[in-house]
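Subject: The structure I promised you

Hi,

Here is the model for you to look through. Open it first, then read on for what turned up in it.

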Amino acid sequence: MSTTQPTKNTVKTVWHTFISSSGRRWSQKAIVLTIFSLVVNHLATRDSFPDGESYRFPIEGFLSSIVLCILIGIITELNFKFYKKKHFSKKVEIAAIVWFMASTLGYITIMYIPLNIIVNKVAGGHTVFYYLLISLLLTLLVSFIFIGLWYAQDIYNLYKLSIKDAEITIDSGTKMTKLTYENIACFYSENKIVYTVKNDGTTINTDFILNELEEKINDQLFFRANRQIIIHKDAVDQIEKIENGKLRIRLKASIENNAIAEINISRYKRKGFMDWFQ
């Protein structure tokens, strides 16, 4: 009973913290969007200037902007969750960020054009292609700026997590050991058993196969040198050019094992290794 209660309390505390932080985050976005919509709609037409003699609150434009911002927010959040699960949770790189932004703006475009045409028809107006194009470009520009500002911190946190704070659970029979990436020198396979080598030279046998590990771990830090071994970038001590365009790698961890003593990189993998290491 005494061991169960703290666990429940911890889960509740984490959950409430997540809910409260998430709530604060969305409330801040809502406030910013409301202020932005008010300012833009008041500056859009002469009748909406606060100091004008014929001032009229731009209720139609304001509500339209809020609805549009909500739709853009939903599209962006769904796309970010997809990229977070598919790409950012394993590796945060410039190409993935560019594709996230480009695909998000593409989805916004797909949503914006028919929505604008429908709204114009309902309002009894006519859709002029020139004005539709200008308003779309302005919407994409503003969306690009706000999406970049709002998700920069999230992407940076995912980057830090994937580089330094991430950990992996090593299953070894009935035992489970958690190791952070920075404490791992390499993984190697011998006699159909995969071993984890720590920075201090100690080894832990695992229930993994190297192909599984290659899919799980962060490939900004780890490199599949050959069929037998995956090495950590910080564990590399020396790189030597040898015959036929190959490379010989020596690790900092001292292990008396032929698979680790001298790691050869083939000439076909040489460029990929150097790009990864540098």
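Let's begin with a term: a salt bridge is a side-chain nitrogen of Lys or Arg within 4 Å of a carboxyl oxygen of Asp or Glu. The idea behind the term is that side chains of opposite charge can pair when their charged atoms come close.

Before the examples, some ground rules. This is a predicted model, where local features need pLDDT of at least 70 and side-chain atom pairs count only at pLDDT 80 or more, while totals for chains, interfaces and linings use all residues. Residues are numbered from 1 along each chain as its sequence is written, and side-chain values use heavy atoms, with hydrogens and water left out.

**Salt bridges**

How many salt bridges does the count come to? It comes to three.

In one of them, the side chains of Glu214 and Arg224 meet, at 2.9 Å from N to O. This pair links distant parts of the chain, with Glu214 in helix α5 (residues 210-216) and Arg224 in strand β6 (residues 222-224), ten residues apart. Helices (H or I, at least four residues) and strands (E, at least two) are DSSP runs, numbered from the N terminus.

Are these two side chains buried or exposed? For that you need the cut-offs: buried means under 20% relative accessible area, exposed over 50%, and partly exposed in between (1.4 Å probe, protein chains only). Glu214 has 34% relative accessibility, so it counts as partly exposed. Arg224 is buried, because its relative accessible area is 14%.

Another salt bridge joins Arg248 and Glu240, whose closest N and O atoms are 3.4 Å apart. Arg248 counts as buried at 19% relative accessibility, while Glu240 is partly exposed at 30%.

Then there is Lys271 with Asp275, where the closest N and O atoms are 2.9 Å apart. They are four residues apart in helix α7, so about one helical turn separates them. Lys271 is exposed, with a relative accessible area of 60%, and Asp275 counts as partly exposed at 47%.

**Aromatic rings**

Helix α7 (residues 267-277) also holds Phe273 and Trp276, three residues apart, about one turn of the helix. Both are buried: Phe273 is, and so is Trp276.

Rings of Phe, Tyr and Trp (its six-membered ring) pair if their centres lie within 6.5 Å; planes under 30 degrees apart count as stacked, over 60 as edge-to-face and the rest as tilted. The structure holds 14 aromatic pairs. One of them is Phe100 with Tyr151: the ring centres are 6.1 Å apart and the planes at 70 degrees, so the pair is edge-to-face. Phe100 lies in helix α3 (residues 94-122) and Tyr151 in helix α4 (residues 129-165), so the pair ties together parts that are 51 residues apart in sequence. Phe100 and Tyr151 are both buried. Together with Phe80, Phe82 and Tyr83, they form one aromatic cluster.

**Around Thr76**

What does Thr76 contact, leaving aside its neighbours within four places in sequence? Phe100 and Tyr151 turn up again, along with Thr104 and Ile147. Contact here means heavy atoms within 4.5 Å. Thr76 is found in helix α2 (residues 59-88), and it counts as buried because its relative accessible area is 3%. A polar atom of its side chain lies 2.7 Å from the backbone oxygen of Ile72.

The protein chain has seven helices and ten strands, and buried residues make up 32% of its 278 residues.

On confidence, pLDDT is the predictor's confidence in each residue, from 0 to 100. The chain's mean pLDDT is 77, and 72% of its residues reach 70 or more. Among its elements, strand β7 (residues 229-232) has the highest mean (90) and helix α1 (residues 4-44) the lowest (54). Over residues 1-8 the pLDDT is below 50, and this stretch has zero contacts in the model beyond near neighbours in sequence. Residues 10-21 also stay under 50, with zero contacts beyond four places in sequence.

Cheers

Technical notes. A polar contact is a pair of N or O atoms within 3.5 Å; within protein, one must be able to donate a hydrogen and the other to accept it, and residues adjacent in sequence count only if both atoms are side-chain atoms.
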